[in-house]
Amino acid sequence: MKMLINVAETVVADALRGMAAAHPELTVDVENRVIVRRDAPVAGKVALVSGGGSGHEPLHGGFVGPGMLAAACPGEVFTSPVPDQMLRAAAAVDSGAGVLFVVKNYTGDVLNFDMAAELAEEEGIQVAKVLVDDDVAVRDSTFTAGRRGTGATLFVHKIAGAAADEGRPLEQVREIGHRVVERSGSFGVALSACSTPAKGSPTFDLPPGELELGVGIHGEPGRERRPMMTSREIADYAVDSVLGDLRPRGPVLLLVNGMGATPLLELYGFHAEVQRVLAERGVVTARVLVGNYVTSLDMAGASVTLCEADEEMLRLWDAPVRTPALRWGV
Amino acid sequence: MLDAAFFRRWMTGAAALISREADRLTSLDSPIGDADHGTNLHRGFSAVATALEQEETPTPSAVLTLCGRQLISTVGGASGPLYGTLLRRAGKALGEAPEVSREELAAALGAGVQAVAALGGAAPGDKTMIDALAPAAEALATSFEAAREAAEQGAVDTTPLQARKGRASYVGERSIGHQDPGATSSALLFAALAETAAGGEGGSDE
């Protein structure tokens, strides 16, 4: 697989150097792998810190800035960051109002963030955590590591970030972040596997005429494989999978997310089909986001995330945000 | 008896073995995980080897504690905290003794394995590193070679199991038929231990 890189070992550091040069409003510590908004710590405000493996850009670094994250910790490709990174980030952004860790539910992320939380508390930093586990493709049972965190992570960053920006205390910011998770569901499909720089070839074999349903965002295979389907059929399957779990009684936030290698032309066409199914099922979308936000390197495919949003959540969603990957109202 | 030099040789031996086997570990991690186990452990154990050259480690406990801390700070993923906890807890159990017996090491690693199981929430049969570590720590009470064999057998025996923990659990039944990469790297730790013991220079347990 051809890649626009020098060597696999420096992919993350190279990207961080490029990000630093593109975004003077961020402080990018390339050596220690921490991306911090330049004006941090912001007096009196709770600070959101998130992170995870690299390869999901713009998640998480692209969401650092006023109205969203105070800092992000990028790990190696598809590998959670180490506790040292989160500790450094927490120390850099804590104003004394506390730090909220937004953690996607993967064993590695959970273990490393938990270790970091312990260390931060030993240093006198108040830490709370929101665990994002929105992927309905994974059964949440004792037989799995639980649902994965995917598209709803963006919703948590935005809505809890806006709550923090309003000056709400840590417990309230945590509570609203948790509420977003409880009311969200996601489902992803892959038309092709992705290739990690270290491996240089697809991480799983997907025959040309087939697709993976219920795929994750780390190149891990999904739960079911079928002969290739049309955009209409995929939309039916994905939306019904989410609605099988989440039964919204009111308007929803909708994220139609590209996995990295699916053109926006296809993604918008897919969004039209998603809107058709939602209308057929009587679900009204209050806000919509279409684009590549929670990606999986060069995987082709898409995911659908729904979040049943109350008025407060919609107001926080509409609040101003200024980050590399999401900006409005400023 | 096993002194700090023995533990340093064990850890640098493990680093060399992980380096040689990194591609195989990554291949095993491909069908049921995310194809980076070898890369991540190689990065971690390289840091371990460097740290052992740079820092004073007067006791077996100091060696294991330093190595565990390095793994937590450099590996990432689940493997970093899990392997780091294994070594740190085992190191703590060894106390300040300048030399320890094989039996004492077996008991210390047993405590480490329990800590790993508690942290990751895994039980034997979940298709994780526990399936190699638990029988190996137990067999170490008999001999280094028995521990190596128990670990290797434990790793091989994960093949028909369905994963219940970690990223492999997401693929459900499709994890059946693949040997667990974490159990495989755990077996490498015990292979390095047996090689170190067979290598003499205070490495014998007799």
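Which residue just after helix 3 of chain A takes a positive phi? In this predicted model, the residue is A:Gly124, with a phi of about 85 degrees.

The predictor assigns the complex an ipTM of 0.86 and a pTM of 0.92. For chain B the mean pLDDT is 93, with 97% of the residues at 70 or more. Residues 201-206 of chain B have a pLDDT below 50, and this stretch makes 16 contacts in the model beyond near neighbours in sequence. An unreviewed UniProt entry lists residues 5-195 of chain B as "domain: DhaL". Over residues 5-195, chain B is 70% helix and 1% strand, and the end C-alpha atoms lie 14 Å apart.

The largest pocket has a volume of about 810 Å³. Its lining comprises 37 residues, and those nearest the centre are A:Arg33, A:Glu76, B:Asn40, B:Arg43 and B:Thr74. In chain A, the elements that give two or more residues to this lining are helix 1 (11-22), strand 4 (71-77) and helix 2 (83-93). In chain B they are helix 1 (4-32), helix 2 (37-54) and helix 3 (60-74). Helix 2 of chain B gives the most to the lining, with five residues.

Conventions:
Residues are numbered from 1 along each chain as its sequence is written. Chains are lettered from A and ligands numbered from 1 in the order in which they are written. This is a predicted model: local features need pLDDT of at least 70, side-chain atom pairs count only at pLDDT 80 or more; totals for chains, interfaces and linings use all residues. Side-chain values use heavy atoms; hydrogens and water are left out. pLDDT is the predictor's confidence in each residue, from 0 to 100. Contact means heavy atoms within 4.5 Å. UniProt positions are given in the numbering used here, feature names are shortened, and annotations may be inferred rather than shown by experiment. Helices (H or I, at least four residues) and strands (E, at least two) are DSSP runs, numbered from the N terminus. On a 1 Å grid over the protein atoms alone, a cavity is a set of points where a 1.4 Å probe fits but cannot get out, and a pocket is an open set with protein on both sides within 12 Å along at least five of seven lines; lining residues have an atom within 4 Å of a point. Grid points are joined across faces, edges and corners, and a volume is the space filled by probe spheres set on the points.
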